[in-house]
Amino acid sequence: MDAQTKKPSPPQGDAAASGQRLAPQLRMMVQTFWDSPGRNNLFLLAIAVCAVVALTAFLQIKLNAWNKPFYDALSLKDFWGFLYQLVVFGVIAGALLALNVAQAWLREMSKLKLRDGLTRDLFDQWLVPRRAFRLSGAGEIGVNPDQRIHEDARHLVDLSTDLGIGLLQSTLLLACFITVLWTASESVTFSVAGLSFALPGYMVWFALVYAGIASFGSWRVGRPLIGLNAERYAREADLRFGLVRVNERTEAIALYGGETDEKDYLNREFDQVLSMMRRLVSAITRLTWVTAGYGWFAIVAPFIVAAPGYFAGDMSLGGLMMAVGAFNQVQQALRWFVDNFSTIADWRATLLRVASFRLALLEMDRLGHEAGRLEVVPTDDDRLVFDHTGLALPTGCTRLSEKHVVINPAERVLIIGKQRGGKTGLFSALAGLWPWGRGRILLPPAQTIMFISHQDYMPPGTLRGALAYPAQPAQFTSEEYMAALERMKLVHLSPELDRDARWERELTPEEQHMLAFARLLLHKPRWVMLDEAIDHLEEEARNLVLDVFGQELADAAIVNIGQADTRRGFFTRVLHLIEDPEGQRLAPRAGIPVPVQPAKQKAPAV
């Protein structure tokens, strides 16, 4: 998990989505798999699963029919008939065993292919340019996307596969054994006032009514489990966020002796998890009274129902056992909903989290629909122009004090404003990340601009690749890499150029800042946009960066959106961000959360 993930206070993601209907969510997820590259493989697996389940149901009918001659042989004490039926059982059971193994393999392969399609789709939707950035400020739905993409997607695939195959199997068994049970019901006769009569399908109707009552009871008692499971997953994700946050800040926590405070924080998060689990325990216990009671009575129910036919002498012991077996198979199929209601509630809650997350990703492009759009226009003109530029923020509107600003090549411009006054919003707008506002920004050619935020992006891979990013490492020579590192006093990293590592964890913050400016030395852009990237540097490092700007990058325009220049002299021009009371505030669209003002985020190097 990214330690920079922000955890907002008001929950709104799953809570708002919990009222959504099941059908639209299912349609969206089915469409996801329909559009996945592995669709044909999924079709083949589905056909194979159906074939195996159908063969299994056919052999279970044969096994149920085997009950009659087997128990008749026992009642007649027919030893050779008994041995023969054992051989028949061995053949049927052996075939069922092979089918069970095949079904297990197909089930696990289905999970693999489904997870492959779902996870890659979520990767694709999440990492559409600028979506992840906007999602991070969209409320609870944007918290812990790693949890939804990794754990929730895996859990949804597992539950969907198990429940889907179980439902298919129960449906086929029900269709097959209802016929058997209907036939067995013909042997059940009732005698009233000397009259004997039979009720067509008597045992079938009894099984349907019995299972219907149990299913309704399970739904009625277990319905709260859907919301409870969704809330539990949200609280588990918060706890996981807290654990990762503490793990990645152990040094700072130790320096300030913050272990006690962090422990209290984790205990509070864990208490919320335990509170949810207690509510789940109570709900599951209430549901167990229904499901377990149904299960225990089902043991004797078929004997009670078939007893009139057996004691009337119309049904042999073998016929009784075959009827009991058929009744149990029908009951097992009909009680699928009863036995799996807790799992279905878990599946529904997981589907809610994954579907609402994917829907939010798709809706990111429509955030702030009612607000005006800031026009950011790349041009071939080597100038940066702000034309009546204003930013629409949730807290109001911010604009430049001058309505029309032209910045020419090689200028040194400082843009300052109040704390939380929209400085990072303007930087994000220049990078194309924040589109809400008014007016225009005319940008120089994209290939001539590089953006550096206070926390620069360190791509995975080698140090050479991180330095060259976004270009390919082969674009620069080893001598150029060495020279850039030496200039920024990072020569000690030269032997590490081709080592693959998580550099954002291995390098100190100061080294990461210097590496970002070493990247500038390689690319030599004509325009450099900074978001307080030099304001918090140590004096020596700041002097070094300004010296690079004055020598190697003397022809580049430097635009720093940050704090006032205390040194005086480097920046030749100062612009101010001010509040615009007449500007448009960013308003949410119905059903879509409004994003927060962009915090310090990673900006792309262009």
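Is tryptophan 296 buried or exposed in the predicted model? With a relative accessible area of 64%, tryptophan 296 is exposed, where exposed denotes over 50% relative accessible area, buried under 20%, and partly exposed the range in between (1.4 Å probe, protein chains only). The structure is a predicted model, in which local features need pLDDT of at least 70 and side-chain atom pairs count only at pLDDT 80 or more, whereas totals for chains, interfaces and linings use all residues. Residues are numbered from 1 along each chain as its sequence is written, and side-chain values use heavy atoms, with hydrogens and water left out.

The protein contains 19 helices and 14 strands, these being DSSP runs numbered from the N terminus (helices: H or I, at least four residues; strands: E, at least two). Of its 606 residues, 48% count as buried. Among contacts (heavy atoms within 4.5 Å) between residues at least 6 apart in sequence, 83% join residues at least 24 apart. The accessible surface, computed by the Shrake-Rupley method with a 1.4 Å probe, and for residues with only the protein chains shown counted as cover, comes to about 29,800 Å², of which 60% belongs to carbon and sulfur atoms.

Tryptophan 296 lies in helix 10 and belongs to a nonpolar surface patch that also includes Phe206, Phe297, Ile299 and Val300, with about 510 Å² of accessible area together. Patches are made of residues with over 30% relative accessible area and no salt bridge, like charges being joined within 9 Å and nonpolar side chains (Val, Leu, Ile, Met, Phe, Trp, Tyr) within 5 Å; a salt bridge is a side-chain nitrogen of Lys or Arg within 4 Å of a carboxyl oxygen of Asp or Glu. Helix 10, which spans residues 259-311, gives the most to this patch, with four residues.

Helix 3 (residues 39-76) has 38 residues and reaches 56 Å from its first C-alpha to its last, close to the 56 Å expected at 1.5 Å a residue, the expected span being 1.5 Å times one less than the number of residues. In the loop between helix 3 and helix 4 (79-126) is lysine 77, a residue other than glycine whose phi is positive, near 55°. Lysine 77 is exposed, its relative accessible area being 77%. Alanine 410, in the loop between strand 6 (404-407) and strand 7 (412-416), likewise is not a glycine and has a positive phi, of about 70°; alanine 410 is partly exposed, at a relative accessible area of 35%. Most residues other than glycine have a negative phi, and most peptide bonds are trans. A cis peptide bond, with omega of about 5°, joins tyrosine 469 and proline 470, and proline 470 lies in the loop between helix 15 (463-468) and helix 16 (478-487).

Within helix 6 (residues 145-185) is histidine 155, which counts as buried at 19% relative accessibility. When residues up to four places away in sequence are not counted, histidine 155 touches Tyr233, Asp346 and Thr350. Helix 14 (residues 423-430) is mostly covered, eight of its eight residues being buried, among them Lys423, Phe427 and Leu430. Just after helix 14, glycine 432 takes a positive phi of about 85°.

Helix 18 (residues 509-523) has 15 residues and reaches 22 Å from its first C-alpha to its last, close to the 21 Å expected at 1.5 Å a residue. Because 11 of the 15 residues of helix 18 are buried, this helix is largely enclosed by the rest of the structure. Its buried residues, including Glu511, Met514, Phe517 and Arg519, pack against strand 9 (449-452), helix 15, helix 16, helix 17 (503-506), strand 12 (527-531) and helix 19 (539-550). Helix 18 is followed by lysine 524, with a positive phi near 50°.

One of the buried residues of helix 18, glutamate 511, is joined through its side chain to that of histidine 492 by a polar contact of 2.8 Å. A polar contact is a pair of N or O atoms within 3.5 Å; within protein, one must be able to donate a hydrogen and the other to accept it, and residues adjacent in sequence count only if both atoms are side-chain atoms. Histidine 492 lies in the loop between helix 16 and strand 11 (500-501) and is partly exposed, with a relative accessible area of 45%. Histidine 492 and methionine 482 are 10 residues apart in sequence and 10.0 Å apart in space, C-alpha to C-alpha.
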